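Visitor: Hi, I have a structure open and would like to talk through a few of its details. Can we start with the rings?

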Amino acid sequence: MALPITFLNSRSHKELVSCVGWTTADELYSCSEDHQLLKWNLLTSETSLVVKLSDDIYPIDLHWLPKTTGGKRQPQAEIFALTSTDGKFHLVSKIGRIEKSVEAHKGAVLAGRWNNDGTALVTAGEDGRIKIWSKSGMLRSTLASQATPVYSVAWGPDSDRVLYTSGRHLVIKPLQPSAKVLQWKAHDGVILKVDWNSVNDLILSGGEDCKYKVWDCFGRLLYSSSVHDYPITSLSWAPDGEVFAVGSFNTLRLCDKTGWSYALEKPNTGSVMNVAWSADGTQLAGACGNGHVIFAHVVEQHWEWKNFVVTLTKRRAMQVRDVTNDAVDILEFRDRVIKASLACGHLAVATSLQCYVYNSRNWNTPLIFDLKEGTVSLILQAEKHFLLVDGAGLYVFSYEGRLISSPKFPGMRADILNAQGVSLSNDTIAIRDQSDEKVIFLFDALSGKPLDDGKPLTHKLEVVEIALDQCGPSTERKIAFIDKNRDLYLTSVRHLGREPKICKIGSMVHSMAWNDTANILCGIQDKQLTVWYYPSVVFTDKELLPKSLYTKDCSEFSRAPHILTYVGTKVTLRQGDGSLVYSIVPPYPALLHEYSTSSRWEDALRLCRFAKDQSLWACLAGMSMANRELTTAELAYAAIRELPRVRYIKFIKTQPSKESSLAHMLLFSGLIQEAETTLLQAGLIYQAIQVNINLFNWERALELAVKHKTHVDTVLAYREKFLQKFGRKETNKRFLQYAGGVEVNWEKIQAKIEMELSKEREKAANASVRSSVAARR
């Protein structure tokens, strides 16, 4: 990634430029100490004077009123707030008319920022006060007052907190008077600039100690830069939260959200006093100390998939290289490229006005369709379709350009969605709720309607990252998610009216990704790369989960690696210093998944015998039990020396009826309620009672016997035998009530049990005869 800098023309301001702000992606306003308000047009490369401010107005900060709020366009978005050294802030229209001037502070007003929905303005002054103002300029409250000047201020993502500087400290002050204030020492010198991103919820700070730092919203340090030659005078997040820009004396730096540097430019401009990103996040402008306004464009982004590498070479051009034969294709676009994604055999490119969809088999004829918004912030791809996110909403398109669905839920803010909070598969869309991060909304990708009657998936803690698996039928779709304790959980997307069974499959997991061709999950777990060959085994036999793992030490990957993709057998990771590293996973698990899906159990057994890997045998055991393939399961469990399970599988195979076999397979997986329901629906009352007796669910066994008026004596007999074994007396009132009126005779009980089993065998035999006769007909 690079950041080439351009100058539209010769210096147009005569004094230091203090602030800049974008109105559109091609139009910028700048203010200077020469009292001029200039408009810069990037399409025509022209600069025009909007207005000459009065001589007593020395501007410091400029911020345009947000144009959209949750997808709704603001009716009065053509004004900006301009703060100045005379203690006032001014509401200025696009044509340069000062609509209102407000006496705000004693001394200079050092910063002014609109909140994310444009309903309030916060100002920070040389007098150490933080004030909240209405949209019309009426004072709402004085949020804080301190002895030192406040040089910079920023709103939290939900506009319910304000971040401001206090000498060497950073302070987060909630708007609610009773809420706790968070304060911490952040730098060794005075902090000059802060910014807080709405999408990733991360904080930037820079100051006179010549460092910039990245923090989370709890004040924990995530990254600290090396010492620069000069103080950090400006910094700003890109709208999508993926990168940020840092300005200093004759320095402009582009950095990843984790802190490491993509590009460094050394323009001869003096100190970069202010940087501002365009709404689409493709370019930024800098206000410079020598009167220049510089423009920089983000290029040389890379996307990789299998044997293709795509590079953004210019603002409107891409290069596609096939590394297998070194063939190169040049893709040219009418407008500026904003976002792109390469996966599943397709390249999706969003420009400021259109979306281009290329097939990897033919780079010459893209499918093109128009976009409503020119600010696409996220593209996600699945095998059959892809998802676009812009400021107005989410849209699922087929690769033929047809709009499939546009899911919505109350309070949805599409402008702050990111890749960790949205996931797409062929049939499902998962979205983490921004207002309550414990909640995950699930939608049908083809209709956009909520799944499970609109009831979302709710976890006990805030969810950090979500991911849907990519293969298999929709009825077996699984979602993995990491909560704020860094525990990894797995659950089914479709619950069919039951409570969702959420199973923990890992702890200390910092990043994860599903494989593109098999439901294999990989994650960075503590200091190792862990691959869950068959994560769904937790629903069949959870004791197999630790036996079906592949682990690889990743301490050599340096600090905090992050998984980008898991394609085929290759896991791509981004290290803490920004470099890409690759790790190879054995190919056998993906083959095993393929054999299981196509019911090729003999091939699966041959593969496991060839590989001689215990984790593969454990996978096969789980897969075959999930598919009720008992013969294969018996061999696989025997290979990993799980003899009790082998004996139980043999017992299941001796069951006289299909219903009994199914019930015991459900019991094998721990699904007691489902097993009992299966037996009761088949009329196998005794077997249902016996299941509860075997599990010591005495009250439930007695309840079934009384309800169906059979085998009450059987339950009492087994209960009595159980108590005698432990030398205990009966204390349960219900059992004492029935014990007085029911005779316990073991010979009669055994005869009754034998009769029940013979009836079941006869019924199963008759059913088998009927099915064979029907087949012959």
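Guide: Happy to! This is a predicted model.

Visitor: How many aromatic pairs does the structure hold, and what geometry do W22 and F295 have?

Guide: There are 31 aromatic pairs in the structure. W22 and F295 form one that is edge-to-face, with 6.0 Å from centre to centre and 70° between the planes.

Visitor: Which strands do those two sit in?

Guide: W22 is in strand β2 (residues 17–24) and F295 is in strand β30 (residues 293–297), so the pair ties together parts that are 273 residues apart in sequence.

Visitor: And Y533 with Y550: stacked or edge-to-face?

Guide: The ring centres of Y533 and Y550 are 6.1 Å apart and the planes are at 15°, so this pair is stacked. Planes under 30 degrees apart count as stacked.

Visitor: Where do Y533 and Y550 lie?

Guide: Y533 belongs to the loop between β53 (528–532) and α1 (537–540), while Y550 is in strand β54 (residues 549–553), so the pair ties together parts that are 17 residues apart in sequence.

Visitor: Is Y533 buried or exposed? And what about Y550?

Guide: Y533 is buried, with a relative accessible area of 1%. Y550 has 21% relative accessibility, so Y550 counts as partly exposed; buried means under 20%.

Visitor: Which residues do ring pairs link into a cluster?

Guide: That cluster consists of F308, F333, Y356, Y358 and W363.

Visitor: Switching to helices: at what angle do α2 and α3 cross?

Guide: The axes of α2 (residues 588–597) and α3 (residues 601–611) cross at roughly 160° and come within 8 Å. Angles over 145 degrees count as roughly antiparallel, and α2 and α3 are therefore roughly antiparallel to each other. The crossing of α2 past α3 is left-handed.

Visitor: Which residues make that contact?

Guide: From α2, they are Y588, L591, L592, Y595 and S596. From α3, they are W601, D603, A604, L607, C608, F610 and A611. By class, the contact has 10 nonpolar residues, one polar and one charged.

Visitor: Last topic, backbone: what is the phi of D326, and of M508?

Guide: D326 has a positive phi of about 60° although it is not a glycine, and D326 is found in the loop between β33 (317–322) and β34 (327–332). M508 is not a glycine either, yet has a positive phi of about 55°. M508 lies in the loop between β50 (503–506) and β51 (509–514).

Visitor: Is M508 buried or partly exposed?

Guide: M508 is partly exposed, with a relative accessible area of 40%.

Notes
Residues are numbered from 1 along each chain as its sequence is written. This is a predicted model: local features need pLDDT of at least 70, side-chain atom pairs count only at pLDDT 80 or more; totals for chains, interfaces and linings use all residues. Side-chain values use heavy atoms; hydrogens and water are left out. Axes are lines fitted to C-alpha atoms, for helices over the stretch in contact, and angles run from 0 to 180 degrees between N-to-C directions. Helices (H or I, at least four residues) and strands (E, at least two) are DSSP runs, numbered from the N terminus. Angles under 35 degrees count as roughly parallel, over 145 as roughly antiparallel, 65 to 115 as roughly perpendicular and the rest as oblique. A crossing is left-handed if the near helix is turned anticlockwise from the far one by less than a right angle, and right-handed if clockwise. Contact means heavy atoms within 4.5 Å. Ala, Val, Leu, Ile, Met, Phe, Trp, Tyr, Cys and Pro count as nonpolar, Asp, Glu, Lys and Arg as charged, and the others, Gly among them, as polar. Rings of Phe, Tyr and Trp (its six-membered ring) pair if their centres lie within 6.5 Å; planes under 30 degrees apart count as stacked, over 60 as edge-to-face and the rest as tilted. Buried means under 20% relative accessible area, exposed over 50%, partly exposed in between (1.4 Å probe, protein chains only).
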